[in-house]
Amino acid sequence: MRNEALTEKQSALARQKAAEQSKGKIRHTISMTLLYIVLAIVGVFQIFPLVWLVLFSLKNNQEVFELSPFALPATPRWENYIRVWTEGNISQYFFNSVLYTGSAVLLTILFASMATFALTRMKWKKSSLFLGLFMVGLMIPVHSTLIPLFNTFSNLDLINHPLSIILTYTAFNLPITIMILYGFYQVLPREVEEAAVIDGASVHRIFFQITLPMTAPVIATAAIINMIYNWNEFVFINTFISADQFKTLTVGIQNFIGQYSTDWGAIGATLVISILPILIAFIFLSDRIVEGISAGSVKG
Amino acid sequence: MKGMIQMDQALSSKKMIALYLAPGLLLLLALVYIPIFQTGYFGLMDWNGIGEMTFIGLENYTLLIRDAAFWDSAWHSLLLAVFSALSLIGYLLISLVLAGKIKGANFLRKIYLVPMLLASVAIAQLWMKIYHPTNGILNTLLISIGIENPPAWLAEPSLALFAIFIPIIWQYAGFYILIYYAALKNIPESLVESAKIDGASAWDIAWKIKVPLIMNVIKVTIVLAVVGSLKYFDLIYVMTNGGPNGASEVMASYMYGQAFSRFDFGYASAIGFFLLVICLLITWLIRKVTVSDEDIQY
């Protein structure tokens with residue numbers, strides 16, 4: 001008798017607990033669904049303008065203006081792409097973008113690696129002072145240097161010359177690049193370098209044959225961040241370059257779009273061409289890019 | 001022992017240290033540090049960029065103080081800074097959700113980041129199309145839900161500035177979400193677990209444990225957002241060039257116009273120098289105000 005009452009009480013408790021649990025579960029499901037809806041709305045807001053860009057790059061004006069902005073093109077008009085690539089100077093701009101971006105990335109990585117090597121692997125007292133000197137560069141607004149640079153490059157006859165762009169990109173990317181490399185260099189083991197010195201290797205040999213190869217992963221990250229910055233740079237190229245043959249995609253498409261001010265398909269195709277290399281890099285290397293952007297900023 | 005001495009000698013040679021620092025340091029001095037002093041100096045000159053410079057003392061700087069158009073642009077820059085700093089709250093909320101062990105967080109974080117990868121010129125052109133008065137996607141949508149005369153966003157003096165703020169927020173959202181997400185992921189699991197055992201709600205864990213733990217990162221993002229806003233230029237220059245009638249002018253675009261449209265290089269240099277001083281001052285000020293002795297270590 002007593003036992004029975006007890007089990008009944010127990011099972012009632014158990015039922016109550018189960019009910020509470022399922023109530024909690026429902027509440028949890030509802031809140032998770034709401035969260036996902038919010039996250040998805042943000043996601044659509046972030047990505048839809050680009051999808052729309054690709055859509056109208058494949059339409060002609062009539063389709064752009066008459067169909068819904070969400071409509072797929074009936075027959076994708078790839079000829080928009082062929083037309084903008086073959087007319088005008090898009091291929092020249094593209095080549096210049098590759099040239100300036102590539103040269104500046106190489107120089108920045110080499111100089112930043114050398115400086116970081118001196119700052120972390122060599123033994124001297126003032127290294128933190130010099131690190132500070134490099135890091136203050138992060139705070140300098142480019143506009144505060146623009147007029148003197150323009151003046152200097154004019155005097156040196158480097159306006160409308162690739163060198164003005166490549167050197168400027170290199171200098172302005174050094175601080176962030178050193179910042180990305182610095183943490184990695186600090187935790188590199190010293191044993192290999194020590195062994196090499198004992199074997200009589202010169203400093204250059206240590207740097208080029210031991211340290212530089214060991215830092216390949218962080219170099220890749222830093223190189224991609226540099227590539228994104230340089231590919232998209234606007235102020236310097238817009239100021240130092242006015243001759244069409246030296247323009248990059250970022251400023252070249254500006255005039256180019258002017259010529260096509262009413263042809264939305266051509267404008268869309270031009271914009272897609274200009275952003276495609278970075279998007280492709282992102283699709284294949286997104287983890288490295290994400291790593292680099294957070295490494296370059298969190299430690300600030 | 002002999003090896004150690006050898007190594008110390010090799011790796012502390014002054015000549016070698018100088019050799020390895022020199023290329024980067026010289027470039028930085030020549031193209032960043034010397035120019036900022038030149039800017040201050042040019043600010044003391046009457047100069048059209050091509051002809052002779054005439055020393056006029058502080059005239060450009062006193063003119064700047066009385067230039068209403070400049071203060072309008074400074075006010076717009078300040079508005080952008082406030083707007084950007086406030087949007088950090090939204091980014092922080094999203095990151096707290098994303099870092100809360102939900103499925104697809106990685107994918108969403110990458111989707112959010114995509115606009116950050118695009119050139120400002122492409123973003124500007126894209127958003128000019130979005131805001132296009134008759135064929136843009138925004139007004140097409142507004143008309144389709146029954147709003148008959150939607151505004152011409154970028155041509156409306158009262159709207160242009162805010163219409164430009166939206167793509168700027170769009171552009172940087174993924175950047176800040178990524179920074180917060182990385183910081184939140186660094187918080188040791190054990191801290192959150194023990195709070196859960198003590199019965200803390202998800203809300204309490206977020207605001208009383210996680211946010212204080214990443215306070216240092218939040219301070220960095222406030223500096224980045226405010227200073228970044230004060231020197232912001234690209235989208236505004238391409239989308240409206242400060243117009244209509246100065247309604248979307250910011251400090252950097254005002255400076256650029258003075259130099260490269262009006263060829264008043266002396267006056268533009270004074271603005272450039274002012275911009276530098278203000279950026280360094282505000283960085284210092286924010287750090288000073290937000291630094292506390294009790295910065296939490298974990």
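Predicted model: local features only at pLDDT ≥ 70, side-chain atom pairs only at ≥ 80, totals over all residues.
What share of the contacts in chain B with a separation of 6 or more is accounted for by residues 24 or more positions apart? The figure is 68%.

Of its 298 residues, 52% count as buried. The accessible surface of chain B comes to about 13900 Å², and carbon and sulfur atoms contribute 66% of that area. As to charge, chain B carries 18 positive and 18 negative charges, and their mean positions are 14 Å apart.

I turn to chain A. Here the assignment gives 13 helices and zero strands, and the pattern along the sequence is accordingly written α-α-α-α-α-α-α-α-α-α-α-α-α. Chain A has a radius of gyration of 28 Å, well over the 19 Å that the globule rule gives for 300 residues, so chain A is more spread out than a compact globule. Along the principal axes, its C-alpha atoms fill a box of roughly 105 × 70 × 35 Å.

The remaining totals for chain A are as follows. Buried residues make up 49% of its 300 residues. Among contacts with a separation of 6 or more, 74% are between residues 24 or more positions apart. Chain A exposes about 14400 Å², of which carbon and sulfur atoms supply 66%. Its 19 positive and 17 negative charges have mean positions 14 Å apart.

How is chain A divided into domains? The assignment gives domain 1, residues 2-57, and domain 2, residues 87-297. The C-alpha centres of these two domains of chain A lie 46 Å apart.

Is A:Thr168 buried or exposed? Its relative accessibility is 0%, and A:Thr168 therefore counts as buried. Leaving aside neighbours within four places in sequence, A:Thr168 is in contact with A:Leu149, A:Phe153, A:Phe236 and A:Phe240, and also with B:Leu31 of the other chain.

The next residue is A:Val98, in helix 4, residues 90-120, of chain A. With a relative accessibility of 44%, A:Val98 counts as partly exposed. The C-alpha atoms of A:Val98 and A:Ala266 are separated by 22 Å, and the two residues are 168 residues apart along the chain.

Helix 2 covers residues 14-42 and contains B:Lys15. At 68% relative accessibility, B:Lys15 counts as exposed, because the threshold for that class is over 50%. B:Lys15 and B:Arg66 are 51 residues apart along the chain, and 52 Å separates their C-alpha atoms.

Helix 5 of chain B presents another picture. Seven of the nine residues in this helix, residues 105-113, are buried, so helix 5 is largely enclosed by the rest of the structure. The buried residues are B:Ala105, B:Leu108, B:Arg109, B:Lys110, B:Ile111, B:Tyr112 and B:Leu113. An α-helix has 3.6 residues a turn, so residues three or four places apart point the same way.

Helix 13 of chain B, residues 251-260, is mostly covered, with nine of its ten residues buried. Those buried are B:Met251, B:Ala252, B:Ser253, B:Tyr254, B:Met255, B:Tyr256, B:Gln258, B:Ala259 and B:Phe260.

Which two residues of chain B are joined by a cis peptide bond? They are B:Gly243 and B:Pro244, with omega at about -10 degrees. B:Pro244 is found in the loop between helix 12, residues 234-239, and helix 13 of chain B.

That loop also holds B:Asn241, whose phi is near 50 degrees, a positive value in a residue other than glycine. B:Asn241 is partly exposed, with a relative accessible area of 47%. B:Asn245 lies in the loop between helix 12 and helix 13 as well. Although B:Asn245 is not a glycine, its phi is positive, at about 55 degrees. B:Asn245 is exposed, with a relative accessible area of 82%.

Terms used. Residues numbered from 1 in each chain as written. Chains lettered and ligands numbered in written order. Heavy atoms only, no water. Buried < 20%, exposed > 50% of the residue type's maximum accessible area, 1.4 Å probe, protein only. Contact = heavy atoms within 4.5 Å. Areas by Shrake-Rupley, 256 points an atom, 1.4 Å probe, with all protein chains shown as cover. Lys, Arg positive; Asp, Glu negative; His and termini not counted. Charge placed at Lys NZ, Arg CZ, Asp CG, Glu CD. Domains from an automatic or database assignment. Helix = DSSP H or I, 4+ residues; strand = E, 2+ residues; numbered from the N terminus. Rg over C-alpha atoms; globule rule 2.2 N^0.38 Å.
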